[in-house]
Amino acid sequence: MSEQQMKKQVFKPNKEFAKTARIKNMCEYHELQDAAIEDYEGFWGSYAKEKIDWIQPFDGVMDESNFPFVKWFEGGKLNVSAQCIDRHLDTRKNKAAIIFEGDRGDKQIITYLELYYQVNKFANLLRNEFGVAKGDRVVIYMPMIPEAAYAMLACARIGAIHSIVFGGFSAEALRDRIEDADAKVVLTADGAYRKDKPYMLKPVVDKALEGETPVEKVLVVQRNHEDIEWVSGRDYSYNEMIEQQSTAFEPEVMDAEDPLFLLYTSGSTGKPKGVQHNSAGYILWAQMTMEWVFDVKENDTYWCTADIGWITGHTYIVYGPLAMGATTVMFEGVPTYPDAGRPWKMVEEYKINQFYTAPTAIRVLHKMGEDEPAKYDLSSLKVLGTVGEPIDPPAWKWYYESVGNSNCAIVDTYWQTETGGHIISPLPGATPIKPACATFALPGIMAEILDPETGEKVGVDEKGYMCVTRPWPSMIRGVWGDEERFVKSYFGDVKKDGKPVYFTGDGAVYDEEGYITITGRTDDVINVSGHRMGTAEVEAALKKESEVAEVAVVGKPHPLKGEGIFAYVVLKHGLDESRFEDDVAMVKALNGIIKQEIGNIAVCDDIVFVPGLPKTRSGKIMRRILRSIAKGEEITQDISTLEDPSVVEKIISIVKS
Ligand code: WTA
């Protein structure tokens with residue numbers, strides 16, 4: 001069957017599952033969406049009242065008078081850590097909140113009561129020993145261990161704003177994020193384990209903090225107990241200090257719009273942006289989407305394989321599952337170690353009911369272990385999720401048939417760091433699904449594909465811009481320290497009825513039944529293994545090599561990673577006169593710089609040395625041409641307007657050789 005034919009298939013929800021689903025059929029879905037359209041504030045206000053344990057109720061639902069600076073649930077007071085922990089203590093004290101499995105198979109089950117104690121102790125340590133107060137920024141650079149979740153919730157309990165930096169980022173990238181947020185504390189670990197071997201994080205922190213830095217204190221969780229350096233007066237051992245802390249900590253009373261966290265993400269220009277999410281709106285939608293999209297029941301066990309360094313880990317490992325009182329699995333290791341059956345072994349062992357991962361992981365698990373799922377009892381699975389990039393039909397098919405036994409709903413969840421939670425996704429008990437299709441906007445989300453020129457909704461099969469035309473509770477509240485960038489990045493491209501709307505940066509199409517398929521980024525952001533990477537960042541890193549005169553970076557389809565990074569480099573003196581022996585040495589040097597400036601995740605798959613770049617007469621690099629060349633496509637664009645059209649032929653012959 002061709003991919004096109006595969007995409008046309010429709011899979012109805014499992015009837016048994018639908019009987020007890022929170023949203024049972026498409027009629028119920030439409031009723032909810034119509035209710036939101038009719039009375040938008042009424043819709044959100046009633047959910048906010050029902051779902052959140054308010055310390056003080058809110059007065060107003062939404063204030064968009066200063067759009068795009070929108071406020072939700074003003075006057076309301078809450079604490080997000082209390083929403084995730086304290087309110088469950090009456091009924092779920094002894095229920096597992098977190099099931100942790102280490103790389104080496106070590107296990108830990110943390111009940112809600114234990115989580116309460118651990119988070120309180122952590123909060124006491126941060127407040128009493130480190131002087132962390134409401135509004136302070138705390139950078140978390142940690143592996144996937146329970147202490148990372150405690151750290152997030154302890155910050156929330158104090159009212160401090162956490163900013164998690166993914167453990168794969170380099171010292172330079174970590175330093176940039178620490179400086180931008182002006183963080184005074186870093187929470188880290190000596191390191192952790194990967195594929196049965198220790199790896200290190202603390203040396204990266206040491207390097208990031210060399211010279212001038214706003215950071216006063218560093219707290220180190222000892223996980224792998226390898227030797228590390230301790231800077232006296234700055235570095236403290238969590239393991240030594242935590243036991244003396246009190247298990248009681250009164251949560252700080254927070255305003256609905258007090259910031260909860262920052263998470264840096266790549267855009268099409270400049271350095272990564274500190275995406276800001278605030279307390280009430282974020283936690284409300286995290287919880288509602290957990291309930292609707294994964295339909296987790298009281299005795300279910302849910303596993304999301306993301307890293308807490310990304311938004312998926314924030315919303316769907318920690319905040320969403322805990323806010324709803326679920327059992328969430330946290331995994332330190334890699335899914336293909338010791339073999340590509342590891343996730344399925346864990347599904348069998350813990351009787352996982354909902355499993356959530358990225359298409360890249362599915363492709364790798366498929367390639368490395370096509371028959372592995374059949375070796376395990378996966379009958380507990382009910383909902384399978386994907387996130388982060390478009391999934392291709394063959395990967396979808398394997399996931400549906402071999403992992404889900406053609407019995408589970410696949411929720412292809414579309415969202416972004418900025419949206420806080422899912423915005424477009426199937427509902428497992430209601431939506432007839434089509435392979436590799438995010439389907440419909442969730443109830444309450446006014447998502448539309450618009451023509452960027454006219455602001456009108458596009459017709460069937462016409463490509464347009466994926467927009468959200470009304471603010472929603474978990475919408476990004478700002479770019480840290482840069483109001484103008486916030487407005488320009490998200491509300492500058494598309495207007496509907498003359499008013500700016502939120503533009504995601506993605507293209508999308510409707511099919512004849514109104515199903516939405518996301519077609520990928522329309523800007524200079526590439527998606528490598530589900531990780532967002534700005535081409536401008538990679539270019540800036542490559543330009544640090546003194547022999548580089550010019551550089552242009554584009555994405556190129558990659559069979560496993562979705563997209564790979566392809567760099568065109570113009571050298572100042574040509575290779576012959578450079579201090580490098582050959583191309584190979586130069587490529588190695590350039591990727592070395594990338595590892596240093598950004599991290600291993602940004603290493604280029606291809607670096608080619610070219611005599612020049614295709615530019616218009618006004619000096620603009622024609623990236624579309626470079627993208628086509630990288631893909632090996634025919635050049636159909638008009639190149640006669642280029643400053644030097646002959647450069648295109650030269651580049652093509654170099655890439656082909
Ligand atoms: C892409 C990850 C297609 C998209 C949660 C978006 C997707 C970017 C999907 C956000 C999906 C995410 N189908 N594309 N189901 N989910 N994307 O901020 O390009 O790391 O803009 O958030 O990932 O990446 P981010």
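Which residues is R363 in contact with, leaving aside its neighbours within four places in sequence? Here are a few friendly notes on this predicted model, starting with that arginine.

1. **Contacts of R363.** Once the neighbours within four places in sequence are set aside, R363 is in contact with E389, P390, D392 and A395, and also with P559, L560, K561 and G562. With E389 there is a polar contact as well: the two side chains meet at 2.9 Å.

2. **Setting of R363.** This residue is found in helix α15, which covers residues 359-368. R363 counts as buried because its relative accessibility is 9%, and buried here means under 20%.

3. If you were looking for disulfides, the structure holds zero. C27 is in none, and the nearest cysteine sulfur, belonging to C437, is 20 Å away. A disulfide is a covalent bond between the sulfur atoms of two cysteines. For C304, the closest cysteine sulfur is that of C84, and at 15 Å it is too far for a bond.

4. **Two cysteines, buried or exposed?** C27 has 55% relative accessibility, so this cysteine counts as exposed. C304, with a relative accessible area of 1%, is buried.

5. **Domains.** The protein is divided into domain 1 (39-334), domain 2 (447-521) and domain 3 (525-656). Taken over C-alpha atoms, the centres of domain 2 and domain 3 are separated by 29 Å.

Methods. Residues are numbered from 1 along each chain as its sequence is written. This is a predicted model: local features need pLDDT of at least 70, side-chain atom pairs count only at pLDDT 80 or more; totals for chains, interfaces and linings use all residues. Side-chain values use heavy atoms; hydrogens and water are left out. Helices (H or I, at least four residues) and strands (E, at least two) are DSSP runs, numbered from the N terminus. Buried means under 20% relative accessible area, exposed over 50%, partly exposed in between (1.4 Å probe, protein chains only). A polar contact is a pair of N or O atoms within 3.5 Å; within protein, one must be able to donate a hydrogen and the other to accept it, and residues adjacent in sequence count only if both atoms are side-chain atoms. Contact means heavy atoms within 4.5 Å. A disulfide is a pair of cysteine sulfur atoms within 2.5 Å. Domain bounds come from an automatic or database domain assignment.
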